[in-house]
Amino acid sequence: MHIMEGFLPWQWCIVWWLIALPCLAFGVWQLKKVMEKDREALPLLGVTGGFIFILSSLKLPSVTGSCSHPTGTGLSAICFGPWITSVVCAIVLLFQSLFLAHGGLSVLGANIVSMGIVGPVIGYAIYRLLKDTSVNIYLTVFLATALADMFTYVTTSLELALAYPAEVGGVASSFILFMGIFAVTQVPLAIVEGIVLALVFKYIVALKPDILIRMKIFSESQINAARGEA
Amino acid sequence: MAKNYLLEILTVVAILAFCAVFLYTSSTMTGAEFAGSDNVGSGMIAELSGKSVDSFTPLIPQYEPPSGEIESCLFALQAAFGGILIGGVFGFWLGQKKNLTESTTNQ
């Protein structure tokens, strides 16, 4: 989902940076608050952040004959909300732009908006929507993580379409072209990511249910029910 | 029994299916180079703007790994860092849990 350095006009770089910066600032503030309140949240942040590091480094082949990587942001979005997730993503993306020439400093804002903000916001919204319903919690985690992954790539497509409208059909038709490259490639990856992260969540539930209950990620009865069946 | 491990089974099935699809596309699809979608996207940008890919130069100068080996080394480092975090925390939680059950049984 990286937009490569130099491939986004500077005006758009500034626009996306201006959107990303306040979200990051809010994320840092939230992170400080969470850490002051509950030191036990730090290991959970380590696990959810660890998956962002691992999954975003795996470039997997897909049905379109090109490779793309999952994002791993959904789990962190569920546990800590989208803004703290943005901060973790910004660290990963900064590493990749400084050392790997994946993305770059001028396009970092745009890449943070797609992977660190829109993806996690969508994932978090789905989690909030399904949280208090009778939907199985693992299904909730699957949907939130898979769609956080998907929408990251939809956003990248939109960012590029806005900067490069087609001569015929404008933004809409180039959006479809970019979706064909990014989003279609991503569908199988998003499904696998969702299943894997649901499994990871099962192990968190098994090992550390108290932190999930205390942080009100799921209610005590939901966690107990999941432990009973898992 | 099977119900207890439903998620594990689903994960294995999904990963196997993913590999099978890859083997199928890589052996039948012509012109499948498995390049990064980032690069395919950049090609599309060049096509839409009517400029060549090489005419896009970084706005801010950046370091580029001199070879694929160096790049994969750095990617492996990134993944290893994540792996250490996850393994460490799961081990820490397991130890905490064990400690807790032992101290309650000893009382």
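Helices (DSSP runs of H or I, at least four residues) and strands (runs of E, at least two) are numbered from the N terminus. Chain B averages a pLDDT of 87, and 97% of the residues score at least 70. For the complex, the predictor gives an ipTM of 0.87 and a pTM of 0.92. Residues are numbered from 1 along each chain as its sequence is written, and chains are lettered from A in the order in which they are written. In this predicted model, local features need pLDDT of at least 70 and side-chain atom pairs count only at pLDDT 80 or more, while totals for chains, interfaces and linings use all residues.

Contact (C-beta atoms, placed from the backbone, within 7 Å) links 53 residues of chain B with 55 residues of chain A. At least two residues of the chain B side come from each of H1 (6–28), S1 (35–36), H2 (37–49) and H3 (68–106). H3(B) gives the most, with 16 residues. Strand S2 (residues 66–68) of chain A pairs with S1(B) in the parallel sense over two bridges, pairing being defined by at least two DSSP bridges between strands. Gly36(B) is the bridge partner of Cys67(A).

In chain A, 13 of the 18 residues of H4(A) are buried (20 or more other C-beta atoms within 10 Å of the residue's own, with C-beta atoms placed from the backbone), so this helix is largely enclosed by the rest of the structure. Just after H4(A), Ala101(A) takes a positive phi of about 55°.

Note on methods: Two residues are in contact if their C-beta atoms, placed from the backbone, lie within 7 Å. A residue is buried if 20 or more other C-beta atoms lie within 10 Å of its own, exposed if 12 or fewer, and partly exposed in between; C-beta atoms are placed from the backbone. pLDDT is the predictor's confidence in each residue, from 0 to 100.
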